[in-house]
Each structure stands twice: as C-alpha cells, then as structure tokens.
Amino acid sequence: MIQYNTIGEGLVGLLKEAVRHDLKIRELMILAHLDDPCSASNVARLCGVTSAGATCLIDRLEGERLVRRKHSTADRRCVLVERTEQGDETIERITYELSR
C-alpha cells in the first residue's frame, strides 16, 4: 500500500507540473526523453501514437519553442527532434519542483 501511495503521489506531482507548464502528459514525456535528438518515429513509439499524432505533439512543442527539428548530419532525409535551451530549462524546473 505504501508503494502504491508513493507512485500515486509521484504521478499526481508530475501531472500538476505538466499542467502548471501548460504541457500535456505526452508532451512532457517527449521533453523528458529528448536528452539526445531522436526521430519523430521514435517519439511516436515512446508516446504510443501514430506518426501523425507525434507530428501534432512535436508541432505544439516547437510552437512553444521547447523543441526544434533538424536534419541528421548522417542522413539528410532523416529529421531529428531535439530540445531547445528553453526546453532544457523547462525540464530542469519540473525536475527541481518534483524533487522538493
């Protein structure tokens, strides 16, 4: 029972931070996952959405200047998604708030 409460409290805290930063939970998942750039198809798999769904999530994050798209240096056909400086700062703030 204690473990469940701890997990539940952690999820509630995560949801509160997502709302406070005007992020949907899947958008927060993307931001948290982007320590290194990854493809949109990887973002789709991470979030359990279609490639079109991932595109919508990435578009919204890009509009908020939290992520950016860039072409891979190894394969110019491949588009990668990476956090911006503002995205890094947002994740740092959320991480700090959750650790308090």
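# Exercises on a predicted helical chain

Among contacts in the chain between residues at least 6 apart in sequence, 45% join residues at least 24 apart, where contact means heavy atoms within 4.5 Å. This is a predicted model, in which local features need pLDDT of at least 70, side-chain atom pairs count only at pLDDT 80 or more, and totals for chains, interfaces and linings use all residues. Residues are numbered from 1 along each chain as its sequence is written, and side-chain values use heavy atoms, with hydrogens and water left out.

## Exercise 1: The outline

Find how many helices and strands the chain has, and the pattern they follow along the sequence.

**Solution.** Start with the elements: helices (H or I, at least four residues) and strands (E, at least two) are DSSP runs, numbered from the N terminus. The chain has 5 helices and 3 strands. Next, read along the sequence to get the pattern α-α-β-α-α-β-β-α. Finally, look at burial: 30% of the 100 residues count as buried. Here buried means under 20% relative accessible area, exposed over 50%, and partly exposed in between (1.4 Å probe, protein chains only).

## Exercise 2: α2 against α3

Work out how the axes of α2 and α3 cross, and which residues make the contact.

**Solution.** A reminder to begin with: two packed helices are described by the angle between their axes and the distance between the axes. Axes are lines fitted to C-alpha atoms, for helices over the stretch in contact, and angles run from 0 to 180 degrees between N-to-C directions.

1. The axes of α2 (residues 25-33) and α3 (residues 40-47) come within 10 Å and cross at roughly 125°.
2. α2 and α3 are therefore oblique to each other. Angles under 35 degrees count as roughly parallel, over 145 as roughly antiparallel, 65 to 115 as roughly perpendicular and the rest as oblique.
3. From α2 the contact takes Arg-26, Met-29, Ile-30 and His-33, and from α3 it takes Val-43, Leu-46 and Cys-47.
4. Sorted by class, the residues of this α2–α3 contact are 5 nonpolar, 1 polar and 1 charged. Ala, Val, Leu, Ile, Met, Phe, Trp, Tyr, Cys and Pro count as nonpolar, Asp, Glu, Lys and Arg as charged, and the others, Gly among them, as polar.

## Exercise 3: α2 against α5

**Solution.** The axes of α2 and α5 (residues 85-99) come within 10 Å and cross at roughly 105°. In the contact, Leu-28, Leu-31 and Ala-32 of α2 meet Gly-87, Thr-90, Ile-91 and Ile-94 of α5. The classes in the α2–α5 contact are 5 nonpolar, 2 polar and no charged residues.

Now zoom in on Ala-32, which lies in α2. Ala-32 has a relative accessible area of 42% and is partly exposed. Ala-32 touches Arg-83 and Ile-91, not counting residues up to four places away in sequence. Between Ala-32 and Thr-90 there are 9.7 Å in space, C-alpha to C-alpha, although they are 58 residues apart in sequence.

## Exercise 4: The buried side of α3

List the buried residues of α3 and find what they pack against.

**Solution.** The buried residues of α3 are Val-43, Ala-44 and Cys-47. Seen down the axis of α3, these buried residues fall within an arc of 100°, so they line one face of the helix; the arc is that of the directions from the helix axis to the C-beta atoms. They pack against α2, β1 (38-39) and α4.

For the α4 side, the axes of α3 and α4 come within 8 Å and cross at roughly 100°. α3 and α4 are therefore roughly perpendicular to each other. Here Ala-40, Val-43, Ala-44 and Cys-47 in α3 meet Ser-51, Ala-54, Leu-57 and Ile-58 in α4. The α3–α4 contact has 7 nonpolar, 1 polar and no charged residues.

## Exercise 5: Two arginines

Decide for Arg-60 and Arg-65 whether each is exposed or partly exposed.

**Solution.** Arg-60 is found in α4 and, at 26% relative accessibility, counts as partly exposed. Leaving aside neighbours within four places in sequence, Arg-60 is in contact with Asp-22, Leu-23, Lys-24 and Glu-27. Arg-65 is in the loop between α4 (51-63) and β2 (67-71), and its 61% relative accessibility counts as exposed. Phi of Arg-65 is near 65°, a positive value in a residue other than glycine.
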